[in-house]
Amino acid sequence: MKNKSKIKNQRSKFNQSFIINQLAEDREKYFNAVAPPIIQTSNFAYQTVDEFTNAIQHEKDEHIYTRGNNPTVNMLCQKMAALEGAEDCLMVGSGAAAITNSVMSQVSAGDHIISVRKPYTWAEHLMTKILPRFGVETTFIDGTKLENFENACTEKTKLIYLESPNSWTFELQDLAKIAEFAISKEITTVIDNSYCTALCQRPIDLGIDLVIYSATKYYNGHSDVVAGAICGSKEKITQIFHNEFMTFGNILAPQNAWLMLRSLRTLPIRLKQSSESTLKILEYLKDHPKVEQIWYPFDESNPQFCLAEQQMKMPMGMFTIALKNRNVATIKRFCESLHYFLIAVSWGGHESLIMPKCAFVDENDSQVSMIRFYIGLEEADVLLEDLDRSLKIL
Ligand SMILES: *Cc1c(COP(=O)(O)O)cnc(C)c1O
């Protein structure tokens, strides 16, 4: 059972600044250094056999071996859990590892998953290609309507997989309503919350069980670390720790955890900058004669705008546009003429990015003129100038 009052009590002690700058920092232990040390070790030694035995019996809470626990990584786990309002967190080596560890921990042969349509590519691959080999089937639904979850639900449904919003077209799911339904059916819910981070959306407060991240994106934010996180109740996280986490071994290395601790210090101001610039840029693109359509949760013409306002605390830095011009050669020239928007996968870093759909689909595809934008930390005016100059090519 969920113990909401306990989570709320815990949260009231913490504010964002405390979590980011103070929580889990034990500076007296390391010469009062402001920045924490990187505990770069694979194993930990004990004075006595009895102490060693005791540690092995409590592997989740002790330092024995870095595939299980490492002090630098644990510091990050504590901060991530607190930001999420979760009881516990596991850091893993990638967002994909967060997906596989969390999903596989909840299903067995014969079970059924309901997933939102068009989840992250490798989540889809897990559910369409890998899990069927182990007798787990998935139904993909349009997650914008609650009744689609109700209709897809069978006796065998054990997991609901969410991503709100998803990439490219940014459909949302009503998390509180879906959680209420799932709780009534004793179905576990997991959400990929990478787009929002805990600063924008807190699914656990809405009743979702497991919140997973590609921490490669906003959390690390400097395009130099691949990382993932799984947040949830002590019970669920402990179960994952002793099974999938220890067995699959997709750990986050201490060096990368340290880089992420450094990144967390600036998370709020990075998100603020990305968010504010995005709104300015969308204001410019909204009525631009070369732009056919915009997909963005906080766009007033988005049919789910109200839900976005209700569920998300701030507009975030990624959106998609479709250009009116559908000529691939011209679209390529537009993309290549942008100086500040790099052509690359991923997002959430310091640098603005574009991902043109024409790199993936053929020229007759209806989506060929779609371009996904991520707005980084450059000055908004610089990005606007860059866009304005390049849009003239079309
Ligand atoms: C990038 C991404 C992932 C995968 O994360 P990695 O850190 O690249 O493994 C999962 N979900 C979303 C929404 C992503 O953008």
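This report describes the domains, the ligand site and a selection of individual residues and elements in the structure above.

The structure is a predicted model, in which local features need pLDDT of at least 70 and side-chain atom pairs count only at pLDDT 80 or more, while totals for chains, interfaces and linings use all residues. Residues are numbered from 1 along each chain as its sequence is written, and side-chain values use heavy atoms, with hydrogens and water left out.

**Domains**

The protein is divided into domain 1, made of residues 10-39 + 70-264, and domain 2, made of residues 267-391; these bounds come from an automatic or database domain assignment. The centres of domain 1 and domain 2, taken over C-alpha atoms, are separated by 26 Å. Across the boundary, 35 residues of domain 1 are in contact with 34 residues of domain 2, where contact means heavy atoms within 4.5 Å.

**The ligand site**

Around the ligand there are 13 residues, of which Gly-95, Ala-96, Asp-192, Thr-216 and Lys-217 come nearest; a residue is near a molecule if one of its heavy atoms lies within 4 Å of it. The residues of this shell divide into five nonpolar, five polar and three charged. In this grouping, Ala, Val, Leu, Ile, Met, Phe, Trp, Tyr, Cys and Pro count as nonpolar, Asp, Glu, Lys and Arg as charged, and the others, Gly among them, as polar.

| Residue | Atom of the residue | Atom of the ligand | Distance |
|---|---|---|---|
| Ala-96 | backbone N or O | oxygen | 2.8 Å |
| Asp-192 | polar side-chain atom | nitrogen | 2.6 Å |
| Lys-217 | side-chain N or O | oxygen | 2.7 Å |

Taken alone, the ligand exposes 380 Å², and the protein buries 89% of that; the accessible areas come from the Shrake-Rupley method with a 1.4 Å probe, and for residues only the protein chains shown count as cover.

Ser-94 is found in the loop between β1 (88-92) and α5 (95-106); helices (H or I, at least four residues) and strands (E, at least two) are DSSP runs, numbered from the N terminus. With a relative accessible area of 17%, Ser-94 is buried, a word that stands for under 20% relative accessible area, whereas exposed means over 50% and partly exposed in between (1.4 Å probe, protein chains only). The side chain of Ser-94 reaches the backbone nitrogen of Ala-96 at 3.4 Å and that of Ala-97 at 3.0 Å. Not counting residues up to four places away in sequence, Ser-94 touches Val-226, Ala-227 and Gly-228. Ser-94 and Asn-220 are 126 residues apart in sequence, and their C-alpha atoms are 11 Å apart in space.

Thr-197 has its place in the loop between β5 (188-192) and β6 (210-214), and is buried with a relative accessible area of 1%. Not counting residues up to four places away in sequence, Thr-197 touches Tyr-213, Tyr-218, Tyr-219, Leu-271 and Met-316.

**Backbone features in loops**

The loop between β4 (157-163) and α8 (175-184) holds Pro-165, which is joined to Ser-164 by a cis peptide bond with an omega of about -5 degrees. Trp-168 also lies between β4 and α8; this residue has a positive phi of about 75 degrees although it is not a glycine, and at 14% relative accessibility it counts as buried.

Lys-118, in the loop between β2 (112-116) and α6 (121-130), likewise has a positive phi, of about 55 degrees, although it is not a glycine. Lys-118 is partly exposed, with a relative accessible area of 41%.

**Helix α13 and strand β10**

In helix α13 (residues 328-337), Val-328, Thr-330, Ile-331, Phe-334, Cys-335 and Ser-337 are buried. The buried residues of α13 pack against β9 (318-323), β10, β11 (353-356), β12 (370-374) and α14 (380-391). At the start of α13, a side-chain oxygen of Asn-327 reaches to within 3.1 Å of the backbone nitrogen of Ala-329.

Strand β10 (residues 342-343) includes Leu-342, which is partly exposed with a relative accessible area of 44%. Leaving aside neighbours within four places in sequence, Leu-342 is in contact with Glu-351, Ser-352, Leu-353 and Ile-354.

Note on methods: A polar contact is a pair of N or O atoms within 3.5 Å; within protein, one must be able to donate a hydrogen and the other to accept it, and residues adjacent in sequence count only if both atoms are side-chain atoms.
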